[in-house]
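Here's a quick tour of a sheet and a ligand site. Have the viewer open and follow along.

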Amino acid sequence: MPIQLLRQTDQPLYLQVAEQLRQQIENGELAPHTRLPASRILAKKLGVNRITIVNAYAELEAEGLVISRVGSGTFVAGEQQPAALAPSPLWRGSPVGRRPWNANQMVAEMMRLARQPGVISFAGGSPSSEFLPVHELRRALNEVLRRDGVAALQYEEAAGYLPLRETIARQMQQQHIPVNGQDILITTGCQQALDVTVNVLTRSSEDNLVVVEDPCYLGFLDILAARRLTPLGVPVDGQGMQVDRLEQIILRHRPRLIYTTPSFHNPTGTTLSLPRRRALLEVASRYGVPILEDSCYDTLYYEGEPPPSLKSLDTADIVFLAGGFGKTLAPGLRIGYLVAPSAWQERVIAAKQTADILTSPLNQYALHSYLHSGHYADHLSLTRRAYRERRDLMAAAARRYFPQEAVWRCPAGGMYLWVEMPPSGPTATDLYMAAINYSVVFALGSVFSASNSFSHAMRLNFATPALDEIEEGMRRLGKAWKELLARNIRVQPVNQRCTMPIL
Ligand SMILES: Cc1ncc(COP(=O)(O)O)c(C=O)c1O
């Protein structure tokens, strides 16, 4: 495995090593599955720092030419996908059809791939670990255990710790939502607030249709699937759900509930305009259909606050407001909340109690202490600033690395960039499979669909990865796309006009 290094050139040593190994792999001198020398040994042989070799191997790994296996070394890749990154059977075959996976399977698969060394993940829904307030929460937990002792470790009222409910109510009052602490049910994450609402509203067997945005938050589609309910998808455009379609749907299908994430929707990032918010409330109250408003991204705004929440505009008392601290503070606390219309409050408490008795009092006490420490406002502005920078970087990288026909909208908040690749080219699944070889993963658009659509769309989380990972991951995605085109997919001229502006 001869390698010659030139020290008097501008090309970094690690790239020289990578280039020469690449040539040897491509011309067959290094056969598939050959074990490359340990980085320490090759570094010594070439008289370079070990990091030079580590970087050279990383470069080749990013290109899919070698595979590193923890504990056994680095190998020339074979015809097969590298074992560590081989997609599980979930990803084989055509995923377009009836939703092939549930959220648990998809999340498990994404997490499995995302945990592999060197993988850049745009797939998940987590906030950035960089900003999780470990010290402040440690302080809060210590204070609670010192101050409240066993009370924080005992059963509590099912509706939740009243001082925390009152604190959340005060935050809502500032957003013109007329509630007090007694109106708030603490839930185990926003997810449970959604589930409890669906549970109480769809108890009779005829009540089996639920209106959702199409695409829709995957975890909500899973709640519906688990309860044998059928989603009715309403398309989303630049102003959010196309509310003008609702009346017909309501008249024809008599749905039991309308679920919406009006601000910074997951997965598309869109925000429902104020006129549409009013129109949604008007049509829903005219036909007596309750609305479930998911507000879990509301405070992650980058261009000023979103329009007023549906709950604050709700004069007919038909809105269930679900929210939580998972996206804005720490998902591991598992604290969410639900404000139900007054006629439903007792029933949602009973349903919550049946589900899991109550949400961890220790975490509720600690969150209350944290919110009173005054750190939350600073934490929110820090994360908003950081996520905004990441969003801008990802949008700029999309412009640089994605084909001209790709369309996306720059979200004014939240965590996701929704990108639609040209409809006549490779599908998002093709790209996913190619991107695995470049150690980058994203969420397939089709899994968020109630109507088997979005086969060419992908959801990219810009909040979780660091800035350099965003640039590098987008570069790799662009490379994977080009490779797909070069390999076999002939792109037809785009014949389907997309209404979304190209950034
Ligand atoms: C729209 C939406 N609602 C609810 C949830 C669940 O949030 P939590 O972790 O607070 O249960 C998520 C998580 O991804 C989400 O995107």
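How many of the 6 residues of β10 are buried?

## Ground rules

This is a predicted model, where local features need pLDDT of at least 70 and side-chain atom pairs count only at pLDDT 80 or more, while totals for chains, interfaces and linings use all residues. Residues are numbered from 1 along each chain as its sequence is written, and side-chain values use heavy atoms, with hydrogens and water left out.

## Strand β10, wrapped up

The count is 6 of the 6 residues, so β10 is largely enclosed by the rest of the structure. Buried here means under 20% relative accessible area (exposed is over 50%, partly exposed in between; 1.4 Å probe, protein chains only). V319, L321 and G323 point one way from the strand, F320, A322 and G324 point the other way, and all are buried.

On one pairing, β10 (residues 319-324) runs antiparallel to β11 (residues 335-339) over 4 bridges, with G324 standing opposite G336. Strand β9 (residues 291-294) is joined to β10 by 4 bridges too, but these two run parallel; there, L292 has F320 as its bridge partner.

## The whole sheet

Zooming out, 8 strands make an open, mixed sheet in the order β4-β11-β10-β9-β8-β5-β6-β7. The edges belong to β4 (184-188) and β7 (240-241); each has a single partner strand, so one side of each is left without a neighbour in the sheet. Two strands count as paired if DSSP finds at least two bridges between them. Helices (H or I, at least four residues) and strands (E, at least two) are DSSP runs, numbered from the N terminus.

## Around the ligand

Now for the ligand: its surroundings are G189, C190, Q191, Y217, Y259, N266, D294, C296, Y297, K327 and R334, each with a heavy atom within 4 Å. Helix α7 (residues 189-201) gives the largest share of this shell, 3 residues. By class, the shell has 5 nonpolar, 3 polar and 3 charged residues, with Tyr and Cys counted as nonpolar and Gly as polar.

Which atoms make polar contacts (N or O pairs within 3.5 Å)? A polar side-chain atom of D294 sits 2.6 Å from a ligand nitrogen. The side chain of Y297 has an N or O atom 2.6 Å from a ligand oxygen, and a backbone N or O atom of Q191 lies 2.9 Å from a ligand oxygen. Taken alone the ligand exposes 400 Å², and the protein buries 91% of that (Shrake-Rupley areas, 1.4 Å probe).

Key
Polar contact = N/O pair within 3.5 Å; in protein donor to acceptor, adjacent residues only side chain to side chain.
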